Amino acid sequence: MTPRDPRDFLMAKALGFTTAISKLSEYERQENPSEPFGQDYNRFRSLVMEKFPELESYLPPEAEIAELGYCGRCTVQKYGEICTFAEQILQLLDVGKDGHRKAAPG
């Protein structure tokens, strides 16, 4: 059995973010995700940087986590913004796979 390319797992994770968020209503996409959601995105982003350091300058920012009165500790970015970040990472990983973009925009 050949080992899987970590790129495949990271692309699947990015797709998980974009697919889940795309199922939210427009109203829900304007809400701030919870702290655990933001931490999950940040871990994912860190893994991408660890495995593919050449992408660092192209990656969107980390999710900023703060105490916001109306939602407690949550991300400053909205679900819609994090969806855009994950889609950017998905496309970067896809281009890097063989130099040609294959994934359709989410």
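Rings of Phe, Tyr and Trp (its six-membered ring) are taken to pair if their centres lie within 6.5 Å; planes under 30 degrees apart count as stacked, over 60 as edge-to-face and the rest as tilted. By this rule the count comes to 6 aromatic pairs. The model is predicted: local features need pLDDT of at least 70, side-chain atom pairs count only at pLDDT 80 or more, and totals for chains, interfaces and linings use all residues. Residues are numbered from 1 along each chain as its sequence is written, and side-chain values use heavy atoms, with hydrogens and water left out.

Tyr41 and Phe44 form a tilted pair, 6.4 Å centre to centre with 55° between the planes. Being 3 residues apart in helix 3, they are separated by about one helical turn. Helices are DSSP runs (H or I, at least four residues), numbered from the N terminus. Tyr41 is buried (under 20% relative accessible area, with exposed over 50% and partly exposed in between; 1.4 Å probe, protein chains only), at a relative accessible area of 0%. Phe44 is buried at 2%. The rings of Tyr41 and Phe85 are also tilted, with centres 6.0 Å apart and planes at 35°. Tyr41 lies in helix 3 and Phe85 in helix 4 (residues 79-98), so this pair ties together parts that are 44 residues apart in sequence. Phe85 counts as buried at 13% relative accessibility. Ring pairs link Phe17, Phe37, Tyr41, Phe44, Tyr79 and Phe85 into a cluster.

In helix 3, the buried residues are Gly38, Tyr41, Asn42, Phe44, Arg45 and Val48. Seen down the helix 3 axis, they fall within an arc of 155°, so they line one face. The arc is that of the directions from the helix axis to the C-beta atoms. The face turned away from this buried side carries the exposed Pro36, Arg43 and Glu50.

Key:
Helices (H or I, at least four residues) and strands (E, at least two) are DSSP runs, numbered from the N terminus.
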